[in-house]
Amino acid sequence: MSARQQQQKFVYDFTEGNKDLKDLLGGKGANLAEMTNLGLPVPPGFTITTQACKVYLESGAEPAALRDEVGAHLDALEQRMGKRLGQPDDPLLVSVRSGAKFSMPGMMDTVLNIGLSDASVDGLAAQADNERFAWDSYRRLVQMFGKTVMGVEGDLFEEALEAAKQAKGADSDLGLDAADLRQLVEDFKHIVVKETGRDFPQEPREQMDLAIRAVFDSWNTARAKLYRRQERIPGDLGTAVNVCSMVFGNLGPDSGTGVAFTRDPASGAQGTYGDYLQNAQGEDVVAGIRNTVPLADLAGIDKASYEQLMAIMETLETHYRDLCDIEFTIERGHLWMLQTRVGKRTAAAAFRIATQLVDQGLITEAEALQRVTGAQLSQLMFPRFDDTVADSASVTRIGWGIAASPGAAVGKAVFDSYTAVKWSRSGEQVILIRRETNPDDLNGMIAAEGILTSRGGKTSHAAVVARGMGKTCVCGAEELEVDTKRRRLTAPGGVVIEEGDLISIDGSTGKIYLGEVPVVPSPVVEYFEGRMHAGADEADGLVQAVHRVMAYADRVRKLRVRANADNAEDAARARRFGAQGIGLCRTEHMFLGERREMVERLILADTDTERDEALGALLPLQRADFIELFEAMDGLPVTVRLLDPPLHEFLPDITELSVRVALAESRKDANENDLRLLQAVHRLHEQNPMLGLRGVRLGLVIPGLFAMQVRAIAEAAAHRKAAKGDPRAEIMIPLVGTVQELEIVRDEADRVVADIEAATGTRLKLAIGTMIELPRAALTAGQIAEAAEFFSFGTNDLTQTVWGFSRDDVEASFFTAYLEKGIFGVSPFETIDKDGVGALIRSAVAAGRATRPDLKLGICGEHGGDPESVHFFHEVGLDYVSCSPFRVPVARLEAGRAAAGPH
């Protein structure tokens, strides 16, 4: 035994702990101790710590001191109860329950009635004066112990129980008498021997020790691991084990068991919520073996216990200052509290309860911010399916993918963007179905109600774009076979969806349905859009609660929130959603559609004259774009990123173009422009375009390109000034790796701006800065700050270059395996990698501000709207985050939560 183990205390009596010891005692143990301290009726017991579990998981053996410590606490429990574990004439029985720091409902193991055996079952019957109860308790032990501890398939016990009920003609287990249950125990024991090769253990201490070990082992079951990954619970916490003296709800009609909530966890409404089941043990309520009655009915069954329970619920809610979830048992009219915890709740309930508790004076506004999350707000903003219909037999689910962008969408299946746009313009609602999407699908994605792909993950093109647009998306539905040529989707079981068939997709769960599932609209978006006032008659309590919480957040947050927007429509929406400027306007999005031909002319220009003509044609279009944008964001900063992507992205696909040219030549009908285009495609082709001719490199290699864009920005700003507007344009140079690149482009930009100022007689005050999206830029941030008035961290590319990942490739190939193996807890493209990418940002912030104390710092990658990442950006001292318009409210809320701090 190590010295560390010798010094550690591995077992705590319920009288020794408190609710703040969740790390050590787990949530259940800490709360049992807290209720004991409050003087509530808790059955005596003790908790084995998470430290003991960690030793067991690390070494494969329990700590050497554990058996003796458990023995000492068991002796104390026996003395207190006046009977020994498994004592033949009057047995002490205990439950053995798991209890990790974070609630993992249904993921881990519990065994009741430990200590019961052939030798003590008659003693229990005599003490209870109820033979049926004793044999019912014994069959439950054999069933739970056999399944949980000995690994017997649970269905075998269920089948034997069903056979016994059928033989008796009973609808439920209550129809079985003592003799039936005695025979069922024998049947169960035979199943154990047959399946395991050993008898059901009769020695009480062996039962308890084996059950404790089984709870430790349950920490690493597949279902527990999956749940932890889903909920982002660390895998090294371990679980505590609670050994509690049994109280019995199955002694007769004056006994029972139930669960209760101090408020409605679905809506947040105040009142009494819960279920009660007479003559039952705890697992019967959860398993739904028999129909429960509403908790309010307990008042008519056992008024004294009901009134005592109501008083305890009020005590607990006032003490915990939150919604409490309670498990209780009534044993012959005596109420016992078996568990309490801060209850899980829906997103809507979270907002309502937070504001209710403020009004009651139980929590402060700062604490209210910690009771809600950006993820919950996001859920409230999307339309959603009516769960009562979606989960019913009246709807056919045909598949299940990755819930990539929340919401509910219904429409006719279409398999290409052209059809999506065409049908949408005819008034049809459509769902765009693709194997995966690419930038050419953008129009179809905009036109569609939702996007469904059979490939890709949460950060695939479809997912990222859909989230940015607030569009419902389900990705990676691999069980669906998408045939875009034949315009059909084949689901498991041979179900075929033809183009035009109605389907429904749920971006909050990843479920895909045949036909139309009714949708419930989101009043929260109506509120953010300004179409509903929080004080209006039609605004329900949820909208009012969201309004109040957002007001708290806006008052305390230090981070400003901008939006990524490329046109006036998106900018106006972002402003309605509370954006304080544009942090990223991607000018390449202004070169798509009909303007692509102009970019082609620029690329194909052989002479300075041709290039100048091409740039001259683009200039007024760009200027008009910026005028609209500056007008929509009047008085707020607008950061315009000069052209970033490689030019080949504006040219036709090389395969498609090659085929076109070859066919034309075979017909002796060669197209000169197509030939020149094909030569340009070959000339500009790159093995790794992400690291090739793009960003600032384009501006240095193609004369006049960046100057044209700067001129358009400056002329647009001057136009708005002349119209008495207040344009606040910022020019951002992309993909800078060294200060020399920035200095050259900046000098050219300064000359262009000076020319416009002289020509218009207007002082424009245009700030010039750069994106920090390469490791070298972050490492030399002090030098780059000499030529930059602001930094904006482009965390998408910075993550790719720090990790050496090509995002589109790695997500499709090995990210799933990395997540399953625990290499990632979450994709670094979703939540900022604090140790790697975050460390570079932290050092760049310090170096940049050391050079230029007034340096403005922001972030404009996808991470700008990720709740966890926003907290990191607050911590490192950025001035603003920028995200898609739809995520602006989420970023505002999380910025407030970060500033208010944990409570």
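I began with the lining of the largest cavity, where strand E5 gives the largest share, 3 residues. I note at once that this is a predicted model.

I then listed which elements each supply at least two residues of that lining, and I found helix H2 (22-37), strand E3 (94-100) and strand E5 (239-245). The lining of the largest cavity counts 15 residues, and those that lie nearest its centre are Ser95, Arg97, Leu112, Met246 and Leu338. Sorted by class, I have 6 nonpolar, 7 polar and 2 charged residues around the largest cavity. For its volume I wrote down about 140 Å³, and my search of the whole structure returned 1 cavity of 30 Å³ or more.

I turned next to the second largest pocket, which has a volume of about 700 Å³ and a lining of 25 residues, with Gly822, Ile823, Phe824, Gly825 and Val826 nearest its centre. Helix H10 (222-231) and helix H35 (815-820) each supply at least two residues of this lining, and H10 gives the most, with 3 residues. By class, I recorded 9 nonpolar, 6 polar and 10 charged residues in the lining of the second largest pocket.

My last entry concerns the surface, where Leu700, Val701 and Ile744 make a nonpolar patch of about 270 Å². I placed Ile744 in helix H30, which covers residues 739-760.

Key
Residues numbered from 1 in each chain as written. Predicted model: local features only at pLDDT ≥ 70, side-chain atom pairs only at ≥ 80, totals over all residues. Heavy atoms only, no water. Patch = residues over 30% accessible without salt bridge, like charges linked within 9 Å, V, L, I, M, F, W, Y side chains within 5 Å. Areas by Shrake-Rupley, 256 points an atom, 1.4 Å probe, with all protein chains shown as cover. Salt bridge = Lys/Arg side-chain N within 4 Å of Asp/Glu carboxyl O. Helix = DSSP H or I, 4+ residues; strand = E, 2+ residues; numbered from the N terminus. 1 Å grid on protein atoms, 1.4 Å probe; cavity = no way out; pocket = protein on both sides within 12 Å on 5 of 7 lines; lining within 4 Å. Points joined across faces, edges and corners; volume = space filled by probe spheres on them. Nonpolar A, V, L, I, M, F, W, Y, C, P; charged D, E, K, R; others polar.
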